[in-house]
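Please keep the sequence and the structure at hand while reading.

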Amino acid sequence: MKTESLLGFIAGAAVGALAGILFAPEKGEVTRKKIMEAAAEGYDEAKEGLGEFAHDARVRYRYARIEANKLKKTLQEQGGELKEEARQAILAQLAKLEEALAKEEAVAEPEACEEA
């Protein structure tokens, strides 16, 4: 938004300066000189505006990169916690299964002994 306003201002100033020079009743040499000066001034202003835009873009990129790295670290930590929770849940289920199998074996063993 700021850059668009700056570029619009520069373009408007350049057009206004050029229109003023072209419609002024002066000699061709003076008019050409004024056109060259206005063009140089417009170039300098555009270059400055582009420099500010590039600087802002670099700052925003660095900020976004820092935030992305923070998010990545947070997700990795949470992912590790989730993995550990899932591992614990699986181990708990395996323990329950082993208990159930042990009980079933205990019940089945006396029957096997009676048949023999």
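In this predicted model, Glu37, Glu41, Asp44, Glu48 and Glu52 form a negative surface patch. A patch of this kind is made of residues with over 30% relative accessible area and no salt bridge, like charges being joined within 9 Å, and the place of a charge is taken as CG of Asp or CD of Glu. Asp and Glu count as negative and Lys and Arg as positive, whereas His and the chain ends are not counted. Local features need pLDDT of at least 70 and side-chain atom pairs count only at pLDDT 80 or more, while totals for chains, interfaces and linings use all residues. Residues are numbered from 1 along each chain as its sequence is written, and side-chain values use heavy atoms, with hydrogens and water left out.

**The patch and its helix**
- Glu48, one of the patch residues, sits in helix H2, which covers residues 28-115; helices are DSSP runs of H or I with at least four residues, strands are runs of E with at least two, and both are numbered from the N terminus.
- Glu48 counts as exposed because its relative accessible area is 53%, where exposed means over 50%, buried under 20% and partly exposed in between, with a 1.4 Å probe and protein chains only.

**Salt bridges**
- The count comes to two salt bridges, a salt bridge being a side-chain nitrogen of Lys or Arg within 4 Å of a carboxyl oxygen of Asp or Glu.
- Lys70 is joined to Glu67 by a salt bridge of 3.5 Å, N to O, and both residues belong to helix H2, where they are three residues apart, about one turn of the helix.
- Lys70 is partly exposed at a relative accessible area of 49%, and Glu67 is likewise partly exposed, at 30%.
- Arg87 and Glu84 form a salt bridge of 3.1 Å, N to O, and they are separated by about one helical turn because they lie three residues apart in helix H2.
- Arg87 is partly exposed with a relative accessible area of 43%, as is Glu84 with 35%.

**The chain as a whole**
- The protein chain has two helices and zero strands, and 4% of its 116 residues count as buried.
- Its accessible surface comes to about 10200 Å², of which 63% belongs to carbon and sulfur atoms, as computed by the Shrake-Rupley method with a 1.4 Å probe.

**Ala11 and Gly42**
- Ala11 lies in helix H1, residues 2-23, and is partly exposed at 41% relative accessibility.
- Between Ala11 and Gly42 there are 8.0 Å in space, C-alpha to C-alpha, although they are 31 residues apart in sequence.

Terms used:
Patches are made of residues with over 30% relative accessible area and no salt bridge: like charges are joined within 9 Å, nonpolar side chains (Val, Leu, Ile, Met, Phe, Trp, Tyr) within 5 Å.
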